[in-house]
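Subject: Structure handover and findings

Dear colleague,

Please find the structure below, handed over for your use. The notes that follow set out what was found in it.

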Amino acid sequence: MSASTSTHTPSVSEPVDEASIQQQHSVEEVWYLKEISFRYPPNSLDAIPRRVKIITQNFNGPCSFIAICNILILRGDIEIEPYNRGTISYEFLSQLVGEYLLMTSPDVDISAALSIMPYTRQGMDLNPLFTGAKLFRPAGASGGELKLFQQAGIELVHGWLVDPDSPEYDVLSRTKDYDSSVNLIVEADHVSKGRLVATTHVDSIVLPHVGGSSAAGSSGALGSSGAAGSSSAAGSSSAAGSSDPSGIAGAGGSSSCASSTFRTSIGLSSEDRKKIEDAIAIRSFIDSTQSQLTYYGLFTLASTLVSGALVALFRNSHLSVLYKSCHSEDSALYTLVTDYVFLHESSVVWERIEDVEGGASTFVDSDFVRSSPAGGDYAGHTGESALAALEAQTGALTLEERADESLARQLQEMEDAQAQARHMERQKARIQQENQQRVIKEAKRFKPPKTKKDRDCVIM
């Protein structure tokens with residue numbers, strides 16, 4: 001089980017029903033094309049901006065495959081012809097990408113990359129390491145997902161990094177990747193008899209103390225993290241406090257948190273206790289970084305990527321095109337806006353990453369100038385044409401009608417802001433639910449090794 005960009009991608013070792021896959025995709029996926037301007041290589045003074053058409057994504061669109069195709073389009077490696085077409089299908093794109101791989105890697109076995117391509121329509125299993133922005137573990141025996149990026153010459157990065165100065169770094173530097181970290185949570189949940197995964201908040205988990213002394217100095221009693229999306233658990237504590245008569249130490253120095261969560265687990269071995277402590281630290285990190293981007297990771301990407309880089313960014317269970325500005329006065333990071341709702345917003349091309357949650361991000365146009373989307377009835381207009389249309393519409397109105405129009409516009413703006421806030425809340429809730437479901441699913445699959453029971457001794 002990996003941090004998937006969508007649904008599970010079957011590995012080579014798993015049985016694959018080709019007939020069912022063909023039946024499932026008997027209807028062609030068709031995506032709309034949007035015209036933008038882009039200069040490549042972006043740091044070349046001789047390069048002039050080209051008009052290209054990028055692929056937009058609908059709600060169920062395969063973000064992995066679309067991101068790969070858009071990078072190849074921006075680099076000029078593949079061209080969509082005829083240029084005036086407004087839509088494109090998966091079959092057409094897969095043929096373009098397949099031909100590109102065959103032409104650029106004539107002496108390389110690309111069978112693994114080609115075989116994984118159809119499954120990108122459902123998602124990709126990507127297993128990031130929390131200790132490196134360019135580190136991913138291959139999924140399956142062939143590692144086709146990573147080979148697809150490698151043979152297409154596309155760098156795959158992520159910003160889900162743990163800060164070396166954070167309390168979680170010790171355990172995450174040992175588990176390293178997402179899969180191993182979740183597996184440790186599953187094992188710890190079995191040791192705790194199912195109480196670890198079932199607990200809603202990690203700061204309400206209380207560990208049983210072995211030996212009857214206080215748990216001061218223990219590294220495992222972690223509170224919830226401070227800033228959302230940050231990799232450091234600012235709220236962690238060393239559980240300084242006293243142990244209650246039952247032998248359970250209070251987490252964070254508070255014995256009031258000692259609910260029935262682990263009261264029946266007294267007598268854990270030091271190894272099991274350490275496993276639970278590590279699992280709590282891991283869960284604290286995952287819960288506090290649900291956008292799968294930390295500030296440490298964001299700073300790492302900004303400082304390590306070269307100017308003008310076009311890479312694939314794994315973030316928020318989604319794959320997008322990431323671009324680093326080549327301007328000396330602006331070394332910001334931008335993601336390509338491929339959402340279908342902005343199909344007719346010519347001024348919305350890139351989104352500047354300002355924070356880990358996306359709340360402060362801003363849209364820019366093809367020239368990386370901050371845009372002001374028209375939206376609503378004026379979607380597709382430039383700022384000037386939208387203003388002219390608005391003036392023409394309101395010019396013939398009476399004072400009373402203009403007042404009503406102004407009030408209606410204010411109410412619409414309030415409604416739009418509320419809708420955006422609800423969308424962000426639903427997205428955060430969805431990500432949190434998906435993470436919890438993944439862990440619960442793995443917990444159900446985990447089967448502890450059977451131990452032989454000694455026969456009762458009979459004294460003659």
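With which residue does D177 form a salt bridge, and how far apart are the closest N and O atoms? The partner of D177 is R137, and the closest N and O atoms are 2.5 Å apart. A salt bridge here is a side-chain nitrogen of Lys or Arg within 4 Å of a carboxyl oxygen of Asp or Glu.

Before the remaining findings, the conventions. This is a predicted model, in which local features need pLDDT of at least 70 and side-chain atom pairs count only at pLDDT 80 or more, while totals for chains, interfaces and linings use all residues. Residues are numbered from 1 along each chain as its sequence is written, and side-chain values use heavy atoms, with hydrogens and water left out.

Salt bridges

The whole structure contains twelve salt bridges. In the pair already named, D177 lies in the loop between α6 and α7 (178-191) and R137 in strand β6, so the contact ties together parts that are 40 residues apart in sequence. Helices (H or I, at least four residues) and strands (E, at least two) are DSSP runs, numbered from the N terminus. D177 is buried at 1% relative accessibility, whereas R137 is partly exposed at 34%. Buried means under 20% relative accessible area, exposed over 50%, and partly exposed in between (1.4 Å probe, protein chains only).

E35 forms a salt bridge with R51, with 3.5 Å between the closest N and O atoms. Since E35 belongs to strand β2 and R51 to strand β3 (residues 50-55), this pair ties together parts that are 16 residues apart in sequence. E35 is partly exposed, with a relative accessible area of 36%, and R51 is partly exposed too, at 48%.

A further salt bridge joins the side chains of D170 and R174 (3.0 Å, N to O). These two residues both lie in helix α6, four residues apart, about one turn of the helix. In general, an α-helix has 3.6 residues a turn, so residues three or four places apart point the same way. D170 is partly exposed at 45% relative accessibility, and R174 is partly exposed at 44%. Through salt bridges that share partners, D170, R174, K274 and D278 are joined into one network.

Aromatic contacts

The structure holds 14 aromatic pairs. Rings of Phe, Tyr and Trp (its six-membered ring) pair if their centres lie within 6.5 Å; planes under 30 degrees apart count as stacked, over 60 as edge-to-face and the rest as tilted. The rings of F130 and W160 are edge-to-face, because their planes stand at 85°, with the centres 5.2 Å apart. F130 is in the loop between β5 (125-128) and β6 (136-137), and W160 in the loop between β7 (156-158) and α6 (169-175), so the pair ties together parts 30 residues apart in sequence. F130 is buried, with a relative accessible area of 0%, and W160 is buried with a value of 0%.

F130 also forms an edge-to-face pair with F285, at 5.3 Å centre to centre and 75° between the planes. That pair links distant parts of the chain, 155 residues apart, with F285 in helix α9 (residues 270-288). F285 counts as buried, at 0% relative accessibility. Elsewhere, F38, Y40, Y323, Y334, W350 and F368 form one aromatic cluster.

Strands

β5 and β6 run antiparallel and are joined by two bridges; strands pair if DSSP finds at least two bridges between them. N127 has R137 as its bridge partner in β6, and R137 is the residue that forms the salt bridge with D177. Both faces of β5 are covered, with D125 and N127 buried on one side and L126 and P128 on the other.

Six of the seven residues of strand β9 (residues 318-324) are buried, so this strand is largely enclosed by the rest of the structure. Strand β8 (residues 310-315) pairs with β9 in the antiparallel sense over six bridges. The two strands form a hairpin with two residues between them, and N316 in the turn has a positive phi of about 60°. β9 also pairs with strand β10 (residues 333-336), antiparallel, over three bridges. There, Y323 has Y334 as its bridge partner; both residues belong to the aromatic cluster described above.
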